[in-house]
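Student: I have a protein model open on my screen. Could we go through it together, please?

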Amino acid sequence: MEQKIRLLGIAPYSEMRPLMLEVSKEYQDIDLTVYVGDLQKGVEMARRNFYNDYDVIISRGGTAELIRKIASIPVIEITLSINDILRAILLVGNLTEAYAVVGSPTVTQPAHVLCEMMNYRMNIITIHSPDELDPVLKELKAGGCNFILCDVITEMMAREAGVEPILILSGPESIDIAIDYSINMCRVLAETKARGRLFTRALDMQGMKTVIMKQDGSILFSTYNEKNISSVTGYLKKLAESPHSMSAKAFHMIENRLYSISAEETTFLEEPCYIFCLEQNPFPVGGSKH
């Protein structure tokens, strides 16, 4: 039986949790756990669960951005869709008072697209930092705008400014897209890891050990796992620091052991790196001068 993909959901508001769990029932190959916490609370929820063997974290907006900064696994963001914006607009459709859409580009971009598609006229204000919110909210309040459609970050500050926020909720379609993307990413990563294991095994069968190293000595790949690995990689690091002194193939003494080392310079993500192929050679025996 194929192992299920384990997803950790961090919902920035309480209404999202049951919806995420409901959408996940459509998938037989995932195991989704969801906690509620926005911004720093969401980060703390994620931090507590890093060691529970999850494959991907799913969250939304600013909470997803903050988690991405400290996470060691992929973080997939639930993006707002045109449908999400439309549902929020329909919710305030009976209001006679003026309202505006305020938020980061992830909020305002689909709002602009919707206005173009439906020939709507709305006051849409894009902010790129929470520091920009206070003067924007004060200006809206002074201009008679008492309602705004917004995300979680803007919602909290709007209440403090005396403007009534209406939170734009993520619908099932947006959550479905995020889960689909997470599953596809996990499958690609799993295949990449499996290919890596195959290539490692194939290299081992050649009888030589391979070490791929960046110029600063950090190891990108290695099939060398002998006890003296630190000494060998330290020696290779010195060779990498002076690539002009490397030859295509030469003999080297490392801790009284004779190695045949082939070296080649190449690049990894536009940075120089070096491929070393090592083979330990026995010392010559007998009295031959050769």
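Tutor: Let us begin with a cysteine. The sulfur of Cys 273 lies 12 Å from the closest cysteine sulfur, that of Cys 277, which is too far for a bond. A disulfide is counted here when two cysteine sulfur atoms are within 2.5 Å.

Student: Is Cys 273 buried or exposed?

Tutor: Cys 273 is buried, with a relative accessible area of 2%. Buried means under 20% relative accessible area, exposed over 50%, and partly exposed in between (1.4 Å probe, protein chains only).

Student: And how many disulfides are there by this rule?

Tutor: The count is zero disulfides. Cys 145 is in none, as the nearest cysteine sulfur, in Cys 150, is 11 Å away. Cys 145 is also buried, at 6% relative accessibility.

Student: What should I know about the model itself?

Tutor: It is a predicted model, in which local features need pLDDT of at least 70 and side-chain atom pairs count only at pLDDT 80 or more, while totals for chains, interfaces and linings use all residues. Residues are numbered from 1 along each chain as its sequence is written, and side-chain values use heavy atoms, with hydrogens and water left out.

Student: New topic: in what order do the strands of the open sheet come?

Tutor: The order of its four strands is S2-S1-S3-S4, with parallel pairing. Strands S2 (30-36) and S4 (75-77) are the edges, each pairing on one side only. Strands (E, at least two residues) and helices (H or I, at least four) are DSSP runs numbered from the N terminus, and two strands pair if DSSP finds at least two bridges between them.

Student: How many bridges join S3 to S4?

Tutor: Three bridges join strand S3 (residues 56-59) to S4. Within S4, Val 75 is the bridge partner of Ile 57.

Student: Which helix packs on the sheet?

Tutor: Helix H3 (residues 61-70) does, touching strand S1 (5-11), S3 and S4 (contact means heavy atoms within 4.5 Å). The direction of H3 makes about 165° with that of S4. Axes are lines fitted to C-alpha atoms, for helices over the stretch in contact, and angles run from 0 to 180 degrees between N-to-C directions.

Student: Where is Asp 53, and what is its phi?

Tutor: Asp 53 lies in the loop between helix H2 (40-48) and S3. Its phi is near 60°, a positive value in a residue other than glycine. Most residues other than glycine have a negative phi. Asp 53 is exposed, with a relative accessible area of 54%.
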